[in-house]
Structure formats: structure tokens, C-alpha cells
Amino acid sequence: TPKTADGAVETIRLVKIAYDGAVQARTTAMITLKATLATGSEALRAELETLTDHKLILACAALEGPTPLPPVRRGAPAVVVPGDPDVAMRHVLSSMAKRWLALHEEAKAHAASLKALTAAAAPQLVEAVGVGYDTAAQMLITAGDNPDRLRSEASFAALCGTAPIPVSSGRTDRHRLSRGGDRQANAALHRSVFTRLRHYPRTLAYYERRTQEGKTRREIIRCLKRYAAREVFNLVRAVPGVPLL
């Protein structure tokens, strides 16, 4: 059954597209700024390269550029013509920093909208340990506005690429993760599992127990992602689920 795309989840999907785009563009702006700064003068690099990212952005945004020329015609933007490489460097760094700040504000606005929409659509999912607003939004998008189309937790696990695939050979009995499914949903479950591995006692106890049984770290992560898919499936469908280990 296809997604209906006519409810709150479709709204979340659209806002998340805008949020992800702003975050990606902000990251690109920072990488470009640092790469450009690396070709600047020694004095400028000594002044800016030791700063943290946020202080670097503020310092670059405050750099003075060339004096704008008057517009060619009424209503046209002022023309900026850098006179030499040092002036051009400061002008470009200032422009990139201001672009980063604008994208940062845009991303913050989209994030606030995403949090409000996700909390209203699935408060039980947001309250789960290790599930942030971004992860919850992706899980809702994967399930769609009509999550009842998912017949079982096994079908949801396969959709998220967490269904175990047997790769036994001889006396070795083991499984591996599927490489198919929705990779964004898979990445969201991956983040959730690693958050729990850092902070959640039950997950840490499970990890230690499975390690003593001879399981590798990759195999334990596979099992945890499958448990995560089970819990998310039950929370998305508003059915009391099995807690994630």
C-alpha cells in the first residue's frame, strides 16, 4: 500500500527537506570558507585560523571589504570591485561568513518547526530514549501518514534495512544486516543505537552480555538496530512495544 501523503507526516517531510538542505549548505559554506582562508596571507591566517568555528564566522563577517561603487541605474544593487587580492580575500571571507550566518538562522527556524510538528504527531516516539526530533521525523516519514500499511514489525525492519539475513556456513551460524531498504531510516536507527550505547544502562548491559557470548561489535550493533526497529514500529503505530535493550 503506498503512502497517502496527505497528513501531518507529509508536512514533516517537506520541512525536513528544507532543514536538511539548509544544514548541508551551511556545512558547505564552512568548508569553502576554511579552504579559502588557507590560501590567505600569513598575517590573516595567524589571526583567524586559531579561532573556533563560531568565533571564526563572527570574525570573518566583521572583516571590512572594498567600498561599493554607486549602482549603474536606480534600483540596481551596488557594485563591489575588490582592488587587490588582500581586499578580495577579506571581501570573500566576509561574504561566506554572512552566508553561513543566514543559513544557520534558516536551519534553526526549520528545526523549531520540525520539533513542533514531530512532537504533535508522535509524542510517544519523541519520548523514547535515544530518539531525537530528527530521528523521530525520519521514522515518521518512512512509515508515512498511514502506518497501518505496514503489516508487521518484520516488514518495517526490512523497510529500514535492519532485517537480519542469514549467512551461515558449515558450523558457523550467523546473520548480517540488509544493505537494502530506506538508508535514511537505517541511519536514523544507527544514531539512536549509538546514543543508547553511550548513555543507557540497559543497552550497555546488553552489549557486555553479548560480548561475553563471543559476538563481535558489528553483530551486536546489528541486533540492537533490529530491536530499535521493533520499538519504533510499535511507537509509530501507537501500540505499546517491547523496550529497546
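The entries below cover a helix pair, a pocket and a cavity.

I am working from a predicted model, where local features need pLDDT of at least 70, side-chain atom pairs count only at pLDDT 80 or more, and totals for chains, interfaces and linings use all residues. Residues are numbered from 1 along each chain as its sequence is written, and side-chain values use heavy atoms, without hydrogens and water.

**Helix pair.** I looked up H8 (183-199) and H10 (217-236), helices being DSSP runs of H or I of at least four residues, strands runs of E of at least two, numbered from the N terminus. The axes of H8 and H10 come within 9 Å and cross at roughly 110° (lines fitted to C-alpha atoms over the stretch in contact, with angles from 0 to 180 degrees between N-to-C directions). H8 is therefore roughly perpendicular to H10 (65 to 115 degrees). Across the contact (heavy atoms within 4.5 Å), I noted Leu 189 and Val 193 among the H8 residues, and Ala 228 and Val 232 among those of H10.

**Pocket.** The largest pocket holds about 240 Å³ (on a 1 Å grid over the protein atoms alone, an open set of points where a 1.4 Å probe fits, with protein on both sides within 12 Å along at least five of seven lines; lining residues have an atom within 4 Å of a point). H10 gives the most to the lining of this pocket, five residues.

**Cavity.** I found one cavity of 30 Å³ or more in the whole structure (a set of points the probe cannot leave). The largest cavity holds about 40 Å³, and H10 gives the most to its lining, with four residues.

Conventions
Points joined across faces, edges and corners; volume = space filled by probe spheres on them. Parallel < 35°, antiparallel > 145°, perpendicular 65-115°, else oblique.
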